Each structure stands twice: as structure tokens, then as C-alpha cells.
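This briefing is for a reader who is new to the structure below. Please look through the sequence and the model before reading the points that follow.

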Amino acid sequence: MSDGLNVELNTAAWEAQLEELENGIENAVRPAAQAGAQILYQEVLARVPVADTGHWFYGSAAKKAKPGEKKSKAYWFPAGTLRNSIFQNFRQELSGPEKAFYRVGWRWSNQKGGMPVAPYAYMLEYGTSRMSAKPFLRPAYDAAIGRAMNEVERVFWEGLQKHV
């Protein structure tokens, strides 16, 4: 007869399963985030205003120019420029093993700081003292965030199951 009971717990198997789960999560995060960003991106593209014709944009340089020189300081934007400036991109510097950061927005200048792509987008989205707002980004978010989050969850769990 024994004078007591011994209880032994070996968590090695659990630790291996947790490590496998962690790896699965890391592999599922980025595709899931991209799937949500794609839905938001498509909604923004559907809502961004596109003019029938191109237009001149008179930025601060044109406004400060002498009379008769304003047109030489203005930029011509063909119809569809704003729509063509809409993008979605992965931001590595804001992401990590457990999170993925995507941005959906408009390009207001090119990568090298040269000719603006759609510097007027902010004015359309938020309005100015002379023009009421014609928002497209915020309404796109409001309309699509539920679908986007559902897709994030679906793609995440689907991806996790592949790795676990």
C-alpha cells in the first residue's frame, strides 16, 4: 500500500501544439488582412468620383503667382486621375509576426516627390472653405467594414486550419 498519490504533468506535448498554433497564426495573419483590405479597396474604387473631363488644379504655387502666370503653375489632371491614384499596400514597418498592416488610400504625390498624382483628393473628401465635401473614402469604409471583417475572419480561420 502507498502512503500517497503522485501527480505528474508533462506539458511538452502542449508546448509543441502551442508552437504549431503560433506558426499557423503567423502564416494566416497577412493573407487575412489583405483579404479585408481588398474589400475596402474595391469599395473605394466603386465610390471615388470620376469626372467626365479633365481639370486644372491650382495649388498654392498657382495661387501665389502673378496674374497671367497662374496657368503656368497649375497642373492638368485627366479624367480618372483620382481613381487611378487609389491604392492598397502592405506596410512592412507597421507589421509583425502577429499583425499585418495594409493601407488603402490615394497617392497625392509620386514616390520621388515630383509631379502630384491627386493632391486634390483631400479637398474632395473633406471639403474646403469654398467647396462642400464629396466624401468617398469614409463612406466606402462605413459601407464595407462589416464585409471586410467577415472576410478577414474567414480567411484567417481557413489559413489557420491549413497550418495546424
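Leaving aside its neighbours within four places in sequence, which residues is Pro 139 in contact with? Pro 139 is in contact with Arg 47 and Glu 125, where contact means heavy atoms within 4.5 Å. This is a predicted model, in which local features need pLDDT of at least 70 and side-chain atom pairs count only at pLDDT 80 or more, while totals for chains, interfaces and linings use all residues. Residues are numbered from 1 along each chain as its sequence is written, and side-chain values use heavy atoms, with hydrogens and water left out.

**Overall layout**

- The chain has six helices and four strands; helices (H or I, at least four residues) and strands (E, at least two) are DSSP runs, numbered from the N terminus.
- Along the sequence, these elements follow the pattern α-β-α-α-β-α-β-β-α-α.
- The chain has a radius of gyration of 25 Å, well over the 15 Å that the globule rule gives for 164 residues, so the chain is more spread out than a compact globule. The radius is taken over C-alpha atoms, and the globule rule is 2.2 Å times the number of residues to the power 0.38.
- The C-alpha trace spans about 110 × 30 × 25 Å along its principal axes.
- Of the contacts in the chain with a separation of 6 or more, 58% are between residues 24 or more positions apart.

**Burial and surface**

- Buried residues make up 28% of the 164 residues in the chain; buried means under 20% relative accessible area, exposed over 50%, and partly exposed in between (1.4 Å probe, protein chains only).
- Accessible areas come from the Shrake-Rupley method with a 1.4 Å probe; for residues, only the protein chains shown count as cover.
- Leu 18, Leu 21 and Val 164 form a nonpolar surface patch with about 260 Å² of accessible area together. Patches are made of residues with over 30% relative accessible area and no salt bridge, with like charges joined within 9 Å and nonpolar side chains (Val, Leu, Ile, Met, Phe, Trp, Tyr) within 5 Å.

- In soluble globular proteins, nonpolar side chains tend to be buried together.
- The largest nonpolar core has 14 residues, of which Leu 82, Ile 86, Trp 106, Tyr 120 and Phe 136 touch the most other members. Helices α1 and α5 (121-126) each supply at least two residues of this core.
- A nonpolar core is a set of buried Ala, Val, Leu, Ile, Met, Phe, Trp, Tyr and Cys residues joined through side-chain atoms within 4.5 Å.
- A second, separate core of seven residues includes Ala 28, Val 29, Ala 35 and Leu 160.
- Beyond its neighbours within four places in sequence, Leu 82 is in contact with residues including Val 48, Pro 49, Trp 106, Tyr 120 and Phe 136.
- Thr 81 lies in helix α4 (residues 81-85) and is buried, with a relative accessible area of 12%. Not counting residues up to four places away in sequence, Thr 81 touches Val 117 and Tyr 120.

**Helix α6 and its pairings**

- Pro 139 is in helix α6 (residues 137-163) and is partly exposed, with a relative accessible area of 24%. The C-alpha atoms of Pro 139 and Val 44 are 8.3 Å apart, although 95 residues separate the two along the chain.
- The whole structure contains six salt bridges, each a side-chain nitrogen of Lys or Arg within 4 Å of a carboxyl oxygen of Asp or Glu.
- One of them joins Arg 147 and Glu 43 (2.8 Å, N to O). This pair links distant parts of the chain, with Arg 147 in helix α6 and Glu 43 in helix α1, 104 residues apart.
- Arg 147 is partly exposed at 44% relative accessibility, whereas Glu 43 is buried at 15%.
- Glu 151 and Arg 154 also form a salt bridge (2.7 Å, N to O); both lie in helix α6, three residues apart, about one turn of the helix.
- Arg 154 forms a salt bridge with Glu 158 as well, with the closest N and O atoms 2.9 Å apart. Salt bridges that share partners join Glu 43, Arg 47 and Arg 147 into one network.
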